[in-house]
Amino acid sequence: MNMATMFMSKQLITQQPSINLPPGRLNTNPNFWKKKLQKEKVVIVIGATGTGKSRLSIDIATRFSSEVINSDKMQVYEGLDVVTNKVTKQEQQGVPHHLLGTINPFYDFSATDFSDMAGLSLDAIAARDRLPIIAGGSNSYIEALIDPNFQSRYECCFLWVDVSMPVLCSFVSKRVDKMVANGMVDEAEKFFDPARDYSRGIKRAIGVPEFDSYFRYKSLLDEETQDKLLQDAISKVKDHTCRLALRQLGKIQRLKNVKGWKIHQLDATEAFTKQGKESEEAWNKLVAAPSMAIIEKFLHQNVFTVKAPTTLASLIGIPRKRSAAIAAATP
């Protein structure tokens with residue numbers, strides 16, 4: 001069954017059956033009728049780069065029956081796995097991921113493209129009765145997705161993984177060093193552009209244009225000067241990543257304070273200042289466990305208890321005999 005067919009099937013199931021339908025063919029499963037009175041649920045994990053959004057999304061997905069939709073505008077592209085810091089197959093722990101490393105790296109994937117493709121993924125996940133989790137740092141993608149039409153169909157739970165900026169910048173610096181050790185420079189060189197056009201597709205990713213001068217001139221320079229150019233490029237990557245984190249933080253605060261989104265803030269700073277087991281314990285205590293509690297409440301709030309209609313008359317409704325729950329749900 002293709003996406004269009006699944007979407008049409010999902011829409012059709014919300015229509016009332018014909019009054020000529022024999023009562024024996026009515027769906028008497030109470031969960032069917034209860035679900036139709038509610039919007040689909042979706043969890044959205046946001047935060048600045050490096051704060052652990054992917055980690056939390058996988059924590060959630062291993063607790064609930066979930067699938068993850070990536071909303072990082074560079075991680076949607078195929079390639080540059082180290083440069084864009086994509087979550088690895090091992091780190092995914094078997095959790096299905098959508099829009100992760102699937103788009104042609106030279107295509108300029110827009111917020112509108114994301115909204116369209118994320119919508120298809122959401123429909124497919126909901127059709128499988130699984131909880132969609134959208135996770136990523138590109139708040140412009142999230143803002144474009146959550147329009148009035150989206151809000152009419154979905155109910156959102158926003159989780160914000162926050163880390164104090166000085167601590168985060170220190171972590172990002174160390175992470176870049178690890179990325180360099182894992183092959184970041186060689187990976188970036190494949191996207192070196194002699195025309196210096198880093199304005200489209202994956203070439204916009206931090207960690208590509210910063211190495212331009214190094215790739216351009218290294219063959220003409222002695223080893224010491226080459227190393228200086230390389231270190232300068234690495235420093236630029238660290239600086240630009242911290243600046244990105246600041247911009248992302250500002251956008252989240254605007255979504256919360258100006259647009260009025262109800263966002264649950266989870267302070268992960270302590271988990272980033274500790275090491276080993278102590279760091280794991282802090283993460284579980286301050287981020288993972290509170291998130292699970294928030295989601296449990298989110299998934300079970302406003303649950304209607306509706307007795308399934310067993311006769312044709314009760315299906316089409318007689319006003320004086322409507323259940324209290326249906327009456328309360330009717331404008």
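**Loops, sheet, helix and salt bridges**

Mentor: L80 sits in the loop between β2 and α4 (89–92). The model is predicted, so local features need pLDDT of at least 70 and side-chain atom pairs count only at pLDDT 80 or more, while totals for chains, interfaces and linings use all residues. Residues are numbered from 1 along each chain as its sequence is written, and side-chain values use heavy atoms, with hydrogens and water left out.

Trainee: What makes a stretch a helix or a strand here?

Mentor: Both are DSSP runs, numbered from the N terminus: a helix is H or I over at least four residues, and a strand is E over at least two.

Trainee: Why is L80 called buried?

Mentor: Buried means under 20% relative accessible area, exposed means over 50%, and partly exposed is in between (1.4 Å probe, protein chains only). L80 has 3% relative accessibility, so it counts as buried.

Trainee: What kind of sheet do the strands form, and in which order?

Mentor: An open sheet of 6 strands, in the order β3-β2-β4-β1-β5-β6, with parallel pairing. β3 (97–98) and β6 stand at the edges with a single partner strand each, so one side of each has no neighbour in the sheet.

Trainee: Where does α13 bend, and what is the angle?

Mentor: At N284, by about 40 degrees. The bend at a residue is the angle between axes fitted to the seven residues ending there and the seven starting there.

Trainee: Which residues of α13 are buried, and what covers them?

Mentor: The buried ones include W283, V287, M292, I295 and F298. Among the elements that cover the buried residues are β1 (40–46), β5 (154–162) and α12 (269–273).

Trainee: What makes the pair R130 and E67 a salt bridge?

Mentor: A salt bridge is a side-chain nitrogen of Lys or Arg within 4 Å of a carboxyl oxygen of Asp or Glu. The closest N and O atoms of R130 and E67 are 3.0 Å apart, so the pair qualifies. R130 lies in the loop between α5 (111–127) and β4, and E67 in strand β2, 63 residues apart. R130, at 29% relative accessibility, counts as partly exposed, whereas E67, at 4%, counts as buried.

Trainee: What else does the side chain of E67 meet?

Mentor: The side chain of H98, in a polar contact at 2.7 Å. A polar contact is a pair of N or O atoms within 3.5 Å; within protein, one must be able to donate a hydrogen and the other to accept it, and residues adjacent in sequence count only if both atoms are side-chain atoms. Contact in general means heavy atoms within 4.5 Å, and the residues that E67 touches, not counting those up to four places away in sequence, include V95, I125 and L131.

Trainee: How many salt bridges does the whole structure have, by a search?

Mentor: The search finds 19. E143 forms one with R254, the closest N and O atoms being 2.7 Å apart. E143 is in helix α6 (residues 139–145) and R254 in helix α11 (residues 223–257), so the pair ties together parts 111 residues apart in sequence. E143 is partly exposed at 23%, as is R254 at 34%.

Trainee: Which residue forms a salt bridge with K238?

Mentor: D177, with closest N and O atoms 2.9 Å apart. K238 lies in helix α11 and D177 in helix α8 (residues 165–181), 61 residues apart. D177, at 39% relative accessibility, counts as partly exposed.

Definitions and conventions
Pairing = 2+ DSSP bridges.
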